[in-house]
Amino acid sequence: LSSPLLSSPLLSSPLLSSPLPPPPFPHIYLSLLQPPLLSFAPSPTPPPSPRSPPPHTSSRPSTELCERIHHSKLHCAMSGKKKSLARAVNASSVDFLHMECVRYVVESACPEEIPHTLEGLGFSVGQRLVERYTRDRPRFKDTLDIIKFVCKEFWVGLYSKQIDNLRTNHRGVYVLHDHRFRWLMSVSPEASAKGVPVVPALASRYVVFPCGLVRGALAALGVACTVSADIHKLPACSFTIKVTK
């Protein structure tokens, strides 16, 4: 412990015994290890560059646009109605929906309730449709005027065609003939034992819903009646309307 090496004047020098300065690590290297702070300040947007006007720019409409506007005004004047985009449905979709409704009722209801159920569905739909079709129409004069409306506007809205023939005895009975009824176009006649084509039973179910449509439309217009359908030869069909007092 009393070695001369430990008691040498070199180790006991005041220079070695003075405290050493702190290393520069906390001040220099710590700042290098820390990630830089992100700045979320919005960058200045550059001023919009002036746009050069497109070539051949004029405040007057082009000739093609004028022709289109003139054609549109002429069409509106000839039709007498304001041109608007009406909602429409593909005719095939309506046909398939009617076929599916008939199939569902036939499979789910009792045989005795099938005609009543289909006719009731058509009655409800006919009431709603005629309210839309007669919204902007003046009041009807008499029952014959209402029947003519059913044969023209109402039938066009349903099947895109008018009734081919209308007959009446002027005693409250009206017969509407449709030579190519659209909902019977897909029904094929069945051959009997004698080879004579016979109207299948399914065709008679396809005309029950239209009978309800006509009766519902007439009921909404104030005409109480009964509607029946007769199929003589596919796809022709006649609807008999009997007004009840």
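Below are my entries on one helix pair and some aromatic rings.

Ground rules first. This is a predicted model, where local features need pLDDT of at least 70, side-chain atom pairs count only at pLDDT 80 or more, and totals for chains, interfaces and linings use all residues. Residues are numbered from 1 along each chain as its sequence is written, and side-chain values use heavy atoms, leaving out hydrogens and water.

Entry 1, the helices. I looked up α5 (residues 114-133) and α6 (residues 143-159): their axes are 11 Å apart, at an angle of about 105 degrees. That makes the two roughly perpendicular (65 to 115 degrees). In contact (heavy atoms within 4.5 Å), Gly 126, Leu 129, Val 130 and Tyr 133 of α5 meet Phe 149, Phe 154, Gly 157 and Leu 158 of α6.

I found 10 aromatic pairs in the structure (ring centres within 6.5 Å; planes under 30 degrees apart are stacked, over 60 edge-to-face, the rest tilted). Tyr 133 and Phe 154 pair edge-to-face, with 5.9 Å between centres and 70 degrees between planes. Tyr 133 is in α5 and Phe 154 in α6, so this pair ties together parts 21 residues apart in sequence.

Buried or partly exposed? Phe 154 is buried at 0% relative accessible area, while Tyr 133 is partly exposed at 29% (buried is under 20%, exposed over 50%, partly exposed in between, with a 1.4 Å probe and protein chains only).

Trp 155 and Tyr 159 are both buried.

Definitions and conventions. Axes are lines fitted to C-alpha atoms, for helices over the stretch in contact, and angles run from 0 to 180 degrees between N-to-C directions. Helices (H or I, at least four residues) and strands (E, at least two) are DSSP runs, numbered from the N terminus. Angles under 35 degrees count as roughly parallel, over 145 as roughly antiparallel, 65 to 115 as roughly perpendicular and the rest as oblique. Rings of Phe, Tyr and Trp (its six-membered ring) pair if their centres lie within 6.5 Å; planes under 30 degrees apart count as stacked, over 60 as edge-to-face and the rest as tilted.
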